[in-house]
Amino acid sequence: MIYLQNVYKTFGKGETAVHALKNISLHVKEGECVVLKGSSGSGKSTILSLMAGLSKPTTGDVIVNKKAVSKLLDHFSAQFRRRSIGFIFQKFHLLSNLSVRENIIIPLIPENLSPEEIATRVEDVMQTLSLTPKASMATRLLSGGEQQRVAIARAMIHKPKIIIADEPTANLDASLSQAFIEAIRTLKQDGKTIVIATHDPLFFTLDYVDRIIEVKNGEILL
């Protein structure tokens with residue numbers, strides 16, 4: 001499903017170059033839930049960025065769902081990401097003046113779906129995440145946990161095979177973190193392939209996590 005092969009990622013050149021990733025090779029199987037464990041600056045967020053086609057490796061290959069993502073032009077990377085990847089950011093990146101429903105709809109706009117199909121998808125995902133009562137409310141008025149559920153709904157709305165989450169509980173308290181963990185459990189049961197980058201110990205003992213991979217100084221610790 002997801003392959004990184006001999007991946008290096010360097011920012012800058014010469015003496016000021018930062019070697020964010022050093023010879024990373026990684027395989028995530030379809031339906032797996034994998035946690036990338038590591039402190040801030042370890043390189044785990046850079047790995048997620050490469051998987052999602054948000055950036056490209058300096059050298060090496062990134063293949064996701066049989067697509068050589070590392071070789072795609074930016075336009076085609078965006079198309080691939082829109083159709084195959086649900087990305088849950090540490091900062092939710094919601095449009096604060098738009099309603100819950102409007103924020104969730106945004107990824108569907110380029111897809112030329114019928115209004116009926118859009119409405120059905122939005123209602124289904126809001127019901128799944130208990131957002132229906134808040135559908136018309138501007139997201140700036142929501143609690144942190146509610147905003148995160150909107151972010152998850154937005155990531156799910158185009159029915160991606162892969163869910164990627166970057167430090168998803170960094171801005172949440174303990175109870176909201178637990179709610180997020182249960183939401184991810186539902187996605188795992190639905191057969192999604194899930195990759196989570198975190199240093200939150202809550203994720204290290206979950207029964208539905210298949211593997212924990214430690215990243216340190218741009219390298220995978222074996």
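1. Cys33 is buried, with a relative accessible area of 0%, where buried means under 20% relative accessible area with a 1.4 Å probe and protein chains only. Cys33 belongs to strand β3, which covers residues 33–37; strands here are DSSP runs of E with at least two residues, and helices are runs of H or I with at least four, numbered from the N terminus.

2. This is a predicted model, in which local features need pLDDT of at least 70 and side-chain atom pairs count only at pLDDT 80 or more, while totals for chains, interfaces and linings use all residues. Residues are numbered from 1 along each chain as its sequence is written, and side-chain values use heavy atoms, with hydrogens and water left out.

3. Leaving out residues up to four places away in sequence, Cys33 touches Lys188, Ile194, Ile196, Tyr208, Val209, Asp210 and Arg211, contact meaning heavy atoms within 4.5 Å. The C-alpha atoms of Cys33 and Ile163 are 9.3 Å apart, although 130 residues separate the two along the chain.

4. The largest nonpolar core holds 37 residues, and Phe180 and Ile196 are among those with the most contacts inside it; such a core is a set of buried Ala, Val, Leu, Ile, Met, Phe, Trp, Tyr and Cys residues joined through side-chain atoms within 4.5 Å. The elements giving two or more residues to this core include β3, α5 (144–156) and β7 (162–166), and α5 gives the most, with 6 residues.

5. Asp166 is found in strand β7, and beyond four places in sequence the residues that Asp166 touches include Ser45, Leu48 and Ala197.

Key
Buried < 20%, exposed > 50% of the residue type's maximum accessible area, 1.4 Å probe, protein only.
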